[in-house]
Amino acid sequence: MTETADVGAELLKLLYIASTSLGLWTCLSIGLNKRCPANIKRSLLLFIGLLLVVPVNAYLGLIMHQPPPLLHSLASTLTWCYGPLLLMLVNDTVQRTQNSQRLLLQFFPFIALAAIHYIKLEWLHFGLYYSALLLHVVIYLSVIAVRLYCYRKKLAILGSEFRNSTYHWLLYLIAGMFVILIYDNVLLALLHLGVPIRYIFVAVSIGGLSFYISTIALLLLLQPHMFDQPVDSYDSPTDLESTKPAQEALECGRQTELSEAVASTLQEMLEKVMSEQKLYLDTGINVAKLAATLEISSHQLSELLNIHLHTSFYDYLNRYRLQEALVLMNTGPKTQSITDIAFVSGFNNRNTFYRVFKESTGLTPGEYRKQRLAEGVGPETFTSGE
């Protein structure tokens, strides 16, 4: 029996070493990777770094019988940081700006409870501790649920049209983080109810989850080179934003209700709103939403675009989206892949992006980027892969 236990312990050590080594390699790769956007790099390093606490603590506990007190305190209270980590990943996926001070504030309960555990000031009864943790988890899951609902259209587009983008792979990290959050709370609930839990089950799960998270993070880094494929047919029939000719309304004898003076004023208002609020970045924007922003009817907005500006709604939006993409390619963060740029610029699918880009510049995005390289922009500045 003792020999079996020793073999089991050695296998656990091997699992912990493997997951920790992969995690450290992933962190090093992220830190040195110029392709990874700065905000995602920060989130991934924090995310994987905190998760590594668990296998490292478990491994040192096996070889030292008692891990370092500070590391043990961090591992014992790590569940308190899962909610903030999950929300951070969701915000990165939907490109919602995260304030560093607010982010630090969200991790304050974890830091405070780790400090309390470290100085052995265990003034919280386990029942009260678990109730507070459960409330903490419920609050974060509620906020995350609302956030996902608000950005459901953007996430649906990300899942279906940008499967090779960095942001799409963040969805897998979110799923993994959600599994860890639920799993840890189930274990705590069982302990709270007095149900005995076998250590081997906990140990294998710790190593397996750590290994999974590190593997997905590595795929996120390698993905642009492994899976990204250029779109050759930029005018594919799957282009969901192909629009009717702008003059169609006139050809149908549509009656106008906006005078030239009113149309000119509305045009100025529209351009100001688009420039200042960047509504074109909202993948779920439609005629009704934009009209409501201008406090006019959908009919009036359609007339303004189709008749007075001689364009269609999506052609008008895509003009701004194209300019955003060109800014990102020329002067913005230059570590992003072309697929990421298309998604961040507000395009609803890659086919639309390629079609609009080719029609406007006469080049595909890849050809444009190579031309910029030939004009003297350093290879360390641009990433030529699509």
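**Close-up views of a predicted model**

A search of the whole structure finds eight aromatic pairs, where rings of Phe, Tyr and Trp (its six-membered ring) pair if their centres lie within 6.5 Å, and planes under 30 degrees apart count as stacked, over 60 as edge-to-face and the rest as tilted. The model is predicted: local features need pLDDT of at least 70, side-chain atom pairs count only at pLDDT 80 or more, and totals for chains, interfaces and linings use all residues. Residues are numbered from 1 along each chain as its sequence is written, and side-chain values use heavy atoms, with hydrogens and water left out.

**View 1. The pair formed by Phe353 and Tyr354.** Phe353 is buried at a relative accessible area of 1%; buried means under 20% relative accessible area, exposed over 50% and partly exposed in between (1.4 Å probe, protein chains only). Tyr354 is also buried, with a relative accessibility of 1%.

View 2. The rings of Phe357 and Tyr368 are 5.4 Å apart centre to centre and form an edge-to-face pair with 75° between the planes. Phe357 belongs to helix H18 (residues 350–361) and Tyr368 to helix H19 (residues 365–374), so this pair ties together parts that are eleven residues apart in sequence. Helices here are DSSP runs (H or I, at least four residues), as strands are (E, at least two), and they are numbered from the N terminus. Phe357 and Tyr368 are both buried. One aromatic cluster is made up of Phe347, Phe353, Tyr354, Phe357 and Tyr368.

**View 3. Gly366 in helix H19.** Gly366 is placed in helix H19 and is buried, at 2% relative accessibility.

**View 4. Charges over the rings of Tyr149 and Phe343.** Arg152 lies over the face of Tyr149, 4.0 Å from the ring centre. A charge sits over a ring if NZ of Lys or CZ of Arg is within 6 Å of the ring centre and within 35 degrees of the ring normal. Over the ring of Phe343 sits the charged end of Lys154, at 5.0 Å from the ring's centre.

View 5. Thr283 is in the loop between H13 and H14 and is buried, with a relative accessible area of 6%. The C-alpha atoms of Thr283 and Phe343 are separated by 8.9 Å, although the two residues are 60 residues apart along the chain. Lys278 is found in the loop between helix H13 (260–277) and helix H14 (287–294). Lys278 is not a glycine, yet has a positive phi of about 50°. Lys278 counts as partly exposed, at 34% relative accessibility.

View 6. His310 lies in the loop between helix H15 (298–308) and H16. The phi of His310 is near 55°, a positive value in a residue other than glycine. With 47% relative accessibility, His310 is partly exposed.

**View 7. Pro68 between helices H3 and H4.** The loop between helix H3 (53–64) and helix H4 (69–76) holds Pro68, which is partly exposed at 31% relative accessibility. Pro68 and Asn57 are eleven residues apart along the chain, and their C-alpha atoms are separated by 7.9 Å.

**View 8. The second largest pocket.** The volume of the second largest pocket is about 830 Å³. On a 1 Å grid over the protein atoms alone, a cavity is a set of points where a 1.4 Å probe fits but cannot get out, and a pocket is an open set with protein on both sides within 12 Å along at least five of seven lines. Grid points are joined across faces, edges and corners, and a volume is the space filled by probe spheres set on the points. The lining of the second largest pocket has 31 residues, with Val94, Gln95, Arg96, Leu281 and Val344 nearest its centre; lining residues have an atom within 4 Å of a point. Helices H2 (38–51), H5 (82–93), H9 (152–161) and H16 (313–330) are the elements that give two or more residues to this lining.
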